[in-house]
Amino acid sequence: MPPAKASTPRGAARAATAAVSGLVAVSAVLGLAACGLSGDSPAGLARVAAGQAASAGADPATAATSRIRNPGNGRLEAVVPDISSTVLLIGDSQSEPTDGWPRLGLAAAGYNVYFCGRGGTGYVAANGATGNYIDALQRGDWLLPAGAPALIVIEGGGNDAAGGASNAQIAGNAQRLIGELRTRYPGTRIAMIGTLARGANDGGGRRSEVDALLGAVAAANGLPFVPVGDWLTRYGLAKDLADAVHMNAEGRVALGRILERRLRELGLDRKSLL
């Protein structure tokens, strides 16, 4: 049966609005698929460690299906259930997988995880239609969450290291990003995770240098910082690399546990922030 036609101009307008809303919803899930709510949890950690998919909880796209317009900037934002227990994680391909080690560590520290970012991006590096962190945020490449997250965590730097970005470019864009996040989410604490590497004395190279640079940016802004520029060497995890820079499943779980411990030491676990 063909769909019923709108019988009045007002009905036609409503139908058109519904069609546009449906298109926006599809765009939010597809075009802005770099953002979403992670279903990972401490129980999910155990399932990943057992070689199973960590699939409990919300679908990663669920948060993007309900949106409101921010009256301050006119942009659509995701309505995230229990935003006060949610961390906004900004990152690259280390964070993008639902079992990425930054997500696992944050979930184990008590948070729901809402991710914005994309593999191949960074403070300076862009990937196709998705800009670098500050550009993506400002022009709406990401669907940011509405309300006040419990914590904001910025992870990355590896693609900037690989792409030849200068210290000045990385530090400048990191500073701009921190300022913009403080404006968008006043009162929400911000922390930074550095660039995963082997270590300066074990072939860490530019990745370890960028990790140290980001630590200096964090310190200048009074932000907690988790340096990870030597973790592959320090914790003997180079054996768990799936390629030159990314971890296999066992390595992601191991790094997630280490990150959880470090977050608790810094007082950044959910219970400590209550």
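User: Why is Asp82 called partly exposed?

Analyst: This is a predicted model. Asp82 has a relative accessible area of 45%. Buried means under 20% and exposed means over 50%. The value for Asp82 falls in between, so the label is partly exposed.

User: Where does Asp82 lie, and what is its phi?

Analyst: Asp82 is in the loop between strand 3 (76-78) and strand 4 (86-91). Its phi is near 55 degrees, a positive value in a residue other than glycine. Most residues other than glycine have a negative phi.

User: What makes Gly222 exposed?

Analyst: The relative accessible area of Gly222 is 61%. Gly222 belongs to the loop between helix 7 (205-220) and strand 8 (225-226). Its C-alpha atom is separated by 9.2 Å from that of Ala191, 31 residues apart along the chain.

User: How do you know that Glu155 has no salt bridge?

Analyst: The nearest side chain of opposite charge is Arg207, 6.7 Å away. A salt bridge needs the charged atoms within 4 Å, so Glu155 has none. Glu155 is found in strand 6 (residues 151-155).

User: What makes the pairing of Glu155 and Ser95 a polar contact?

Analyst: Their side chains are joined at 2.8 Å. The cut-off is 3.5 Å, so the distance qualifies. The Glu155 side chain also has a polar atom 3.2 Å from the backbone nitrogen of Asp92.

User: Which residues does Glu155 touch, beyond four places in sequence?

Analyst: Among them are Leu89, Ile90, Gly91, Asp92, Gln94 and Ser95. The list also includes Pro102, Tyr133, Ile193 and Gly194.

User: How many helices and strands are there, and what share of residues is buried?

Analyst: The protein chain has 10 helices and eight strands. Of its 274 residues, 49% count as buried. The chain exposes about 12000 Å², with carbon and sulfur atoms supplying 55% of that area. Of contacts between residues at least 6 apart in sequence, 72% join residues at least 24 apart.

User: Where does pLDDT stay under 50?

Analyst: Residues 1-33 are one such stretch, with 18 contacts beyond four places in sequence. Residues 39-65 are another, with 44 such contacts. Where pLDDT is low, the predicted coordinates should not be read in detail. The mean pLDDT of the chain is 83, and 77% of its residues reach 70 or more.

Technical notes:
Residues numbered from 1 in each chain as written. Predicted model: local features only at pLDDT ≥ 70, side-chain atom pairs only at ≥ 80, totals over all residues. Heavy atoms only, no water. Helix = DSSP H or I, 4+ residues; strand = E, 2+ residues; numbered from the N terminus. Buried < 20%, exposed > 50% of the residue type's maximum accessible area, 1.4 Å probe, protein only. Lys, Arg positive; Asp, Glu negative; His and termini not counted. Polar contact = N/O pair within 3.5 Å; in protein donor to acceptor, adjacent residues only side chain to side chain. Contact = heavy atoms within 4.5 Å. Areas by Shrake-Rupley, 256 points an atom, 1.4 Å probe, with all protein chains shown as cover. pLDDT = per-residue confidence, 0-100.
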